[in-house]
Amino acid sequence: MNRENIVSIQSQVFDGFCGNNVASFVLRRRGHVPKILNTVQYYSKYKHKGVETKHDEMKTILSEFKAEMASLSSNDNNNIHFLTGYIKTKECVEAVINSILELKNAKTKKKCDHMNGKMKATKEKKENENGHTICYHGSDTIPYNDHCIDNSEKYCVENLINLNFFWLCDPVLGDNGKLYVDKDVVQSYKSCIPFVDIITPNQFELELLCDMKISSENDVMKCILFLLNKGIKLVIVTSVHYLFDTDHLYLYVGFLNNKKVVSFKYKIFRFHFHVCGCGDLFASLLLSFILRHRGNILLIISKVLNILHNVIKNSLTWEELKIIENQDIIASDGLCDNLIKEEPVCV
Ligand code: PXL
């Protein structure tokens, strides 16, 4: 049986929409059953008053999850997907990283044991049948999906990341030059980069992770290349603004294809809407589309941007994202209106 375990580790607020207040609603409304770990319980995204989950408490919950995953039969395909967002302290980021890595190692080991068991059984069966040994070549590849019929087959998300286990890390650090988390969290994220599968920084977060100021497309490309070289499979820079074009934001996506960097950009109309939570909405939608739609990552990003655009457009007269009121758009396939088309970026 294929079981989906989405673990969303983010903030929770008493009032408003950010972190898990967005992700838990979005994922459930789209038919997932996420496991939710709240890193803080604040009054709101603007008033960081309240309680912070201690790293030991986070470890306790994650250890229980690890034990539960370990107790399951290796015949069951327990897919695990981590979605991480706002984490306030270095100790908590490190507790999360360690748990993700332990689970990943345990899953890899279980899979190997399972394959070895299968190989042994097949070998014995063949020996019994034929009286001699036949070499068995096990396959551990993810099957192609029938969405991959267009000529962008090479951009299929299932070819870029292992859909049985991945970590989508939204490295929530801050925006527009302002940090929301402890300063030393930046270093923790830098050290976990090699273990992340998908990363979704905004411009400020990208600058912090790569120690570089971004003022041109060339700078963005240098950062994307830096992250890909460290081992990240899919880099999505969610919002870059340039002084020469204040009416638009740019989203960049980069990944490796036959060891070459492939990069595309999306030119997005810029609403004058300065409400946090849009990044959280983007990341949770992205996770859902990757799992449910699969196929061409460029099309997935277009659909997610389309939903985001419509939710923001319908929230403009308020000081908050209208998540509940736009639930049908959030649950949709993202195909209404015109999709923003990607443009190739030459590196
Ligand atoms: O949207 C990012 C975010 C998440 N969680 C909390 C925040 C913010 C941004 O301000 O304050 C608590």
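User: Is the crossing of α6 and α7 left-handed or right-handed?

Analyst: This is a predicted model, in which local features need pLDDT of at least 70 and side-chain atom pairs count only at pLDDT 80 or more, while totals for chains, interfaces and linings use all residues. Residues are numbered from 1 along each chain as its sequence is written, and side-chain values use heavy atoms, without hydrogens and water. A crossing is left-handed if the near helix is turned anticlockwise from the far one by less than a right angle, and right-handed if clockwise. The crossing of α6 and α7 is left-handed.

User: At roughly what angle do the axes of helix α6 and helix α7 cross?

Analyst: Helices are DSSP runs (H or I, at least four residues), as are strands (E, at least two), numbered from the N terminus. Axes are lines fitted to C-alpha atoms, for helices over the stretch in contact, with angles from 0 to 180 degrees between N-to-C directions. α6 and α7 are therefore oblique to each other, a class for angles that are not roughly parallel (under 35 degrees), roughly antiparallel (over 145) or roughly perpendicular (65 to 115). The axes of α6 (residues 203-210) and α7 (residues 217-229) come within 10 Å and cross at roughly 60°.

User: Which residues in α7 do L206, L209 and C210 meet?

Analyst: Contact means heavy atoms within 4.5 Å. By this criterion, L206, L209 and C210 in α6 meet V220, C223, F226 and L227.

User: How many residues of α6 are buried?

Analyst: A residue is buried under 20% relative accessible area, exposed over 50%, and partly exposed in between (1.4 Å probe, protein chains only). The buried residues of α6 include Q203, F204 and E205, and what covers the buried residues includes α5 (185-192), α7 and β9 (234-242). α6 is thus mostly covered, the number of buried residues among its eight being seven.

User: With which side chain does the side chain of T200 make a polar contact?

Analyst: T200 is found in the loop between β8 and α6, and counts as buried because its relative accessibility is 2%. A polar contact is a pair of N or O atoms within 3.5 Å; within protein, one must be able to donate a hydrogen and the other to accept it, and residues adjacent in sequence count only if both atoms are side-chain atoms. At 3.2 Å, the side chain of T200 makes such a contact with the side chain of D170.

User: Which residue just after α1 takes a positive phi?

Analyst: Helix α1 (residues 19-29) is mostly covered, with nine of its eleven residues buried. Just after α1, a positive phi of about 95° is taken by G31.
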